[in-house]
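Open your viewer and get ready to select residues by number. This tour goes stop by stop, with a word on what to look for at each.

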Amino acid sequence: MKRRGLILSVLALGVAGFGGAAWYATRPDPIAAADPIDPELADALIRPYSPILGPVDAPVTIVEFFDPACEACRAFYPVVEDIMAEHGDAVRVVIRYTPFHGEASVEAIRVLEAARMQDVFEPVLEAVLREQPRWASHGTPAPGLILEIAASGGLDVEAARTQMLAPGVVAVLNQDRADVETVGVRQTPTFFVNGKPLDPFGEAELRSLVAVEVAASQS
């Protein structure tokens, strides 16, 4: 992934800052294999339009229900990158938008979709996460700030202003909202690995579940 070293170093403090929170609790023992999600819900995990990081045909798929304005998602991003780097072509990440933080989340998702149209999704995602404390604060960020930040990742802002309002972007937002409800996602990030929910939640559990699935795919 592009500029991996930069984003890891910038976000390392974010991980450390949240290290004591419950969602980041780690366990020393490997977790038992989880049961896959109910078959009738499986279609709601991945849509053909969902952004993919990593090899499209990787045998192990991490689905992340992700909110660009979520501090925990920001802190987990380098963890996910490290897992992908560790397993190489065996792992891909599918992103599902989960706008739990209101208009700030929705605007950021629109920016990311415009970036995808311009083929700069990943560098813009990294820029948006790197500067998240500025644009996603509980205060009142300056109008257009997130576009300015996205421009540093290569976004053509003038083209993006139109692309962000495209009917296809509205359709993506609506479908992802519906799928969040269908799957029963209540917090971000929420992870599924090859259709298996990460439960209990934590970095060690995610690494363990991915490792189990990678080993199974290679046996």
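Which residue in strand 3 is the bridge partner of Leu53? Select Val93: in strand 3, Val93 is the bridge partner of Leu53.

Some ground rules before the next stop. This is a predicted model, in which local features need pLDDT of at least 70 and side-chain atom pairs count only at pLDDT 80 or more, while totals for chains, interfaces and linings use all residues. Residues are numbered from 1 along each chain as its sequence is written, and side-chain values use heavy atoms, with hydrogens and water left out.

**Stop 1: the sheet**

Show the strands. Strands (E, at least two residues) and helices (H or I, at least four) are DSSP runs, numbered from the N terminus. Two strands pair if DSSP finds at least two bridges between them. Here 5 strands make an open sheet in the order 1-3-2-4-5, with mixed pairing. Strand 1 (52–53) and strand 5 (196–197) are at the edges, each with a single partner strand, so one side of each has no neighbour in the sheet.

Now walk across the sheet:

- Strand 1 pairs with strand 3 in the antiparallel sense, over 2 bridges.
- Strand 2 and strand 3 pair in the parallel sense, over 7 bridges.
- Strand 2 and strand 4 are antiparallel, with 4 bridges. Here Ile62 has Val193 of strand 4 as its bridge partner.
- Strand 4 and strand 5 run antiparallel and are joined by 2 bridges. Phe192 stands opposite Pro197 in strand 5.

**Stop 2: strand 2**

Select residues 60–66, which make up strand 2.

Look at both faces of strand 2. Val60, Ile62, Glu64 and Phe66 are on one side, Thr61, Val63 and Phe65 are on the other, and all are buried.

Strand 4 (190–193) is next. Thr190 and Phe192 point one way, Phe191 and Val193 point the other way, and all are buried.

**Stop 3: a buried arginine**

Go to Phe65. Opposite Phe65 stands Arg96 in strand 3. Strand 3 covers residues 91–97. Arg96 is buried, at 0% relative accessible area. What does its side chain reach? The side chain of Arg96 reaches the backbone oxygen of Ala44 at 2.8 Å.

**Stop 4: a cavity**

A cavity is a set of points, on a 1 Å grid over the protein atoms alone, where a 1.4 Å probe fits but cannot get out; lining residues have an atom within 4 Å of a point. The count comes to 1 cavity of 30 Å³ or more. About 30 Å³ of space lies in the largest cavity, a volume being the space filled by probe spheres set on the grid points, which are joined across faces, edges and corners.

Select the lining: Leu53, Glu64, Phe66, Tyr77, Val80, Val93, Ile95 and Leu125. Strand 2, helix 3 (71–87) and strand 3 each give two or more residues to this lining.

**Stop 5: two cysteines**

Select Cys70 and Cys73. A disulfide is a pair of cysteine sulfur atoms within 2.5 Å. By that rule the count is 0 disulfides. Cys70 is in no disulfide, and the nearest cysteine sulfur, that of Cys73, is 3.3 Å away. Cys70 is buried at 4% relative accessibility, and Cys73 is buried with a relative accessible area of 1%.

**Stop 6**

Most residues other than glycine have a negative phi, and most peptide bonds are trans. Look for the exceptions below:

- Thr188 and Pro189 are joined by a cis peptide bond, with omega about -10 degrees. Pro189 lies in the loop between helix 9 (167–183) and strand 4.
- Asp199 and Pro200 are also joined by a cis peptide bond, with omega about 10 degrees. Pro200 is in the loop between strand 5 and helix 10 (203–218).
- Asp119 has a positive phi of about 65 degrees. Asp119 is exposed, at 68% relative accessibility.
- Asn194 has a positive phi of about 50 degrees, and sits in the turn of the hairpin formed by strand 4 and strand 5. Asn194 is partly exposed, at 30% relative accessibility.

Terms used: Buried < 20%, exposed > 50% of the residue type's maximum accessible area, 1.4 Å probe, protein only. Polar contact = N/O pair within 3.5 Å; in protein donor to acceptor, adjacent residues only side chain to side chain. 1 Å grid on protein atoms, 1.4 Å probe; cavity = no way out; pocket = protein on both sides within 12 Å on 5 of 7 lines; lining within 4 Å.
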